[in-house]
Amino acid sequence: MKSGDARVALIGFPSVGKSTFLSLMTSTASEAASYEFTTLTCIPGVIEYKGANIQLLDLPGIIEGAAQGKGRGRQVIAVARTADVVIMMLDATKGEVQRCLLEKELESVGIRLNKSKPNIYFKPKKGGGISFNSTVTLTQCSEKLVQLILHEYKIFNAEVLFREDCTPDEFIDVIVGNRVYMPCLYVYNKIDQISMEEVDRLARRPHSVVISCGMKLNLDYLLEKLWEYLALTCIYTKKRGQRPDFTDAIILRKGASVEHVCHRIHRSLASQFKYALVWGTSTKYSPQRVGLTHMMEHEDVIQIVKK
């Protein structure tokens with residue numbers, strides 16, 4: 001079951017140190033041994049960080065061909081689709097091979113890592129043929145190619161508008177519509193077994209963090225990166241005439257408004273809302289009187305006044 005404020009899934013081949021990582025980061029003990037497939041089901045743990053409870057899932061190891069259902073790979077990947085961030089655990093001694101294979105497995109079930117959704121407007125219609133427009137110069141797709149792709153999917157009437165220069169594959173993702181776009185951190189474990197030059201090279205790659213669970217190296221930096229990728233904000237509340245309550249924060253996604261805060265406190269609060277006073281970086285001066293649409297930022301303090 002989903003619990004906490006965010007969900008992080010650990011994906012990787014057998015024996016790369018996922019269970020050791022879970023036992024270090026959370027109070028849950030996951031069985032770890034020097035043979036493969038020690039973990040056979042999904043084991044959840046909770047990381048408490050900056051007032052947020054982040055659910056960490058230790059999934060069984062994935063093998064090649066997991067997307068076709070080998071080694072219960074489909075169930076493992078299905079759980080990964082529900083996560084907010086994927087941590088891909090790789091063995092630093094053989095990282096590149098594992099990374100390519102895992103990316104392939106996740107691509108084939110429609111998980112796109114560290115990519116944003118293609119900016120294409122697509123709407124099937126009842127009639128009127130295919131109307132095709134683009135606001136930018138297209139170098140990879142043409143109107144003819146778009147029509148061919150749509151005919152393959154038995155779509156003969158649709159509106160298509162390209163707002164960025166996308167590849168045919170990205171256009172197919174938009175038509176199919178069941179793709180999941182999620183941030184991913186590549187974590188190279190066992191760096192105590194490779195040379196310093198190699199560690200340096202791996203650490204400089206995009207979206208990568210190097211750690212060692214055995215010697216407990218660099219784990220605090222990994223937590224900082226994870227927080228950055230989850231894009232969570234803490235909002236503190238305050239009652240009239242009292243000091244703010246900094247012990248219990250409301251955890252929301254980045255880009256949350258005052259209305260989201262109201263719904264999180266109580267579902268009827270937004271309908272009785274008069275105005276709110278906000279202290280923090282999202283305001284021009286403190287306190288500022290704001291309405292429901294005001295965007296909150298990290299560590300803002302809010303006081304809500306009812307009608």
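How many bridges join β7 to strand β8 (residues 158-162), and do they run parallel or antiparallel? Five bridges link the two strands, which run parallel.

Before going further, a word on the model: it is predicted, so to speak of local features a pLDDT of at least 70 is needed, side-chain atom pairs count only at pLDDT 80 or more, and totals for chains, interfaces and linings use all residues. Residues are numbered from 1 along each chain as its sequence is written, and side-chain values use heavy atoms, with hydrogens and water left out.

**A three-stranded sheet**

Helices (H or I, at least four residues) and strands (E, at least two) are DSSP runs, numbered from the N terminus. Two strands pair if DSSP finds at least two bridges between them. On that basis, three strands make up an open sheet in the order β6-β8-β7, with mixed pairing. Its edge strands, β6 (120-124) and β7 (130-134), each pair on one side only. Neighbouring strands here are turned by 5 degrees against each other on average, direction ignored. Within the sheet, S131 stands opposite E159 in β8.

Contact means heavy atoms within 4.5 Å. Axes are lines fitted to C-alpha atoms, for helices over the stretch in contact, and angles run from 0 to 180 degrees between N-to-C directions.

| Helix | Lies across | Angle |
|---|---|---|
| α4 (residues 143-152) | β6, β7 and β8 | about 135 degrees to β7 |
| α5 (residues 168-176) | β6 and β8 | about 45 degrees to β6 |

Helix α7 (residues 219-230) has 12 residues and reaches 17 Å from its first C-alpha to its last. That is close to the expected 16 Å, the expected span being 1.5 Å times one less than the number of residues. Among its buried residues are L222, W227 and Y229; buried means under 20% relative accessible area, exposed over 50%, and partly exposed in between (1.4 Å probe, protein chains only). After α7 comes A231, with a positive phi near 55 degrees.

Next, why is strand β12 (residues 232-237) described as largely enclosed by the rest of the structure? Because five of its six residues are buried. Four bridges join β12 to strand β13 (residues 250-253), running antiparallel, and C234 stands opposite I251 in β13. Three bridges join β12 to strand β16 (residues 300-306), running parallel, where D300 is the bridge partner of I235.

**A charge over a ring**

R289 lies over the face of Y275, at 3.6 Å from the ring centre. A charge sits over a ring if NZ of Lys or CZ of Arg is within 6 Å of the ring centre and within 35 degrees of the ring normal.
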